[in-house]
Amino acid sequence: MNCDWVSKNIQLYIYDELADDARYELEQHVARCGECAKELKSARDLHSVLSRMPVQEPSPNLLASSRMKLQESLETVEQSGFWRRLVFDPWAWWREVRFAPAVAAIIFIVGLAGGIGGTYQVMKYRIPVPTSGGSQVEASMISGIRSVSQDPGTNQVRIKYDTVAPQEVEGSLNDQRIQQLLLFAARNNYNSGVRMDSVGLLSQQPQEARAREALLYALRYDSNPGVRLKALDALGSYVKDDVRVRDGVLEVLLHDSNQGMRTNALHLLGPVRADSSVRAVMQQLADGDRNQYIRSQARTVLAQLPEID
C-alpha cells in the first residue's frame, strides 16, 4: 500500500466500492500518512458539496450525441496496453482488478450484454438466401460481399457474396433477400466501392425502416466520405419528420472531417432551423467554427430567426 495507490482509489473508497480488505488497508495507511489524510478530507468535502446540488437530466440531443461518439470511439479505438497485459500478463491485470470490484462488475455486465447482443444479432440475420446452386445459406454465415450491381433501366439487382466459396444471387430491389444482403454490405464490407453501391441502392428506398437505419449508420460511421455523402443525400428529405435523421445531420455538421459534408448538412437543416437543437448548434458554429464559410452561414441563419422571448 502506497500513496499513489491510495490517491487512485480514494473515490472508490468514498463511494463504498472498495473490497473490505482494500478498504481496511487504505484506512490504515491514511491513519499514518498526513498527506493522504488531507487528500481524503478534500475529496469528502467535494463529495458533500456535490451531493447537495440538484441533479439535472441531460437533454435528448446530448444523449444522442454522446451515444454516437461512444459508438464511434468503440469502433475506431486501437487495442491499448490494457489488452496486451490481459493477454500476455493476466495475473498482473488480475492484481489490479481484484481491488476494484466496481470495475470487475462492469466487465461482467459488458461481457453479459455482449453475449446477449451477439446472440440477438445472429438470430436477427438468420434469413435464408438462395445460392447459385439452389441451396440455402443464412446471412449470418456470409463472410463478405464481392460486388453489387443493378441492371440498367430495370429493378433487377445482382449481388456476389462469399461463404466458403463465392456465391451469387439475383432479384428485384424489393426482394427481401436482396435487401438483406444490401444491409449486410452497407455495414460490414471492407470494400468501399461495394459499400458505395449498396448505399446507393438503399437510397432508392429510404422510406423502409431497415434501409433508413443502414443509411444512418453509414452517415455516422463509414470511413469513406463518398459513402457518407450518398447517405446524407438520401436522408435529407426526412430531416423534418425524423428526429434521428435530424440528430445525424447535426452530428455531421458538428464533427464530420469533410467540409463538403458539413456544408451539405448545413443546407439540409434549412427547413428545421427554428428547432431549438438546431438553433443551439448554429449558435455554437457562429461563435467560433474553424471553417469561415460555415461560421458565416450559421450567423446568417441566426440573424433570420425570430428572437426568443
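Me: What links Arg212, Glu213, Asp242 and Arg244?
Reply: A network of salt bridges links Arg212, Glu213, Asp242 and Arg244. A salt bridge here is a side-chain nitrogen of Lys or Arg within 4 Å of a carboxyl oxygen of Asp or Glu. The model is predicted: local features need pLDDT of at least 70, side-chain atom pairs count only at pLDDT 80 or more, and totals for chains, interfaces and linings use all residues. Residues are numbered from 1 along each chain as its sequence is written, and side-chain values use heavy atoms, with hydrogens and water left out.

Me: How many salt bridges does the structure hold?
Reply: The structure holds 13 salt bridges.

Me: Why is the pair Asp256 and Arg228 called a salt bridge?
Reply: The N to O distance between the side chains of Asp256 and Arg228 is 2.9 Å, and the cut-off is within 4 Å, so the pair qualifies. Helices are DSSP runs of H or I with at least four residues, numbered from the N terminus.

Me: What makes Asp256 count as buried or exposed?
Reply: Buried means under 20% relative accessible area, exposed over 50%, and partly exposed in between (1.4 Å probe, protein chains only). Asp256 has a relative accessible area of 8%, so Asp256 is buried. Arg228, with 6%, is buried as well.

Me: How do you know that Arg246 forms a salt bridge with Asp275?
Reply: The closest N and O atoms of Arg246 and Asp275 are 2.9 Å apart, which means that the pair meets the limit of within 4 Å. Arg246 is in helix 12 and Asp275 in the loop between helix 13 and helix 14 (276-288), 29 residues apart. Arg246 is buried at 13%, whereas Asp275, at 24%, counts as partly exposed.

Me: What makes the contact between the side chains of Ser277 and Asp275 a polar contact?
Reply: The contact is 2.3 Å. A polar contact is a pair of N or O atoms within 3.5 Å; within protein, one must be able to donate a hydrogen and the other to accept it, and residues adjacent in sequence count only if both atoms are side-chain atoms. At 2.3 Å the pair is within the distance limit. Ser277 is in helix 14 and is buried, with a relative accessible area of 8%.

Conventions. Helices (H or I, at least four residues) and strands (E, at least two) are DSSP runs, numbered from the N terminus.
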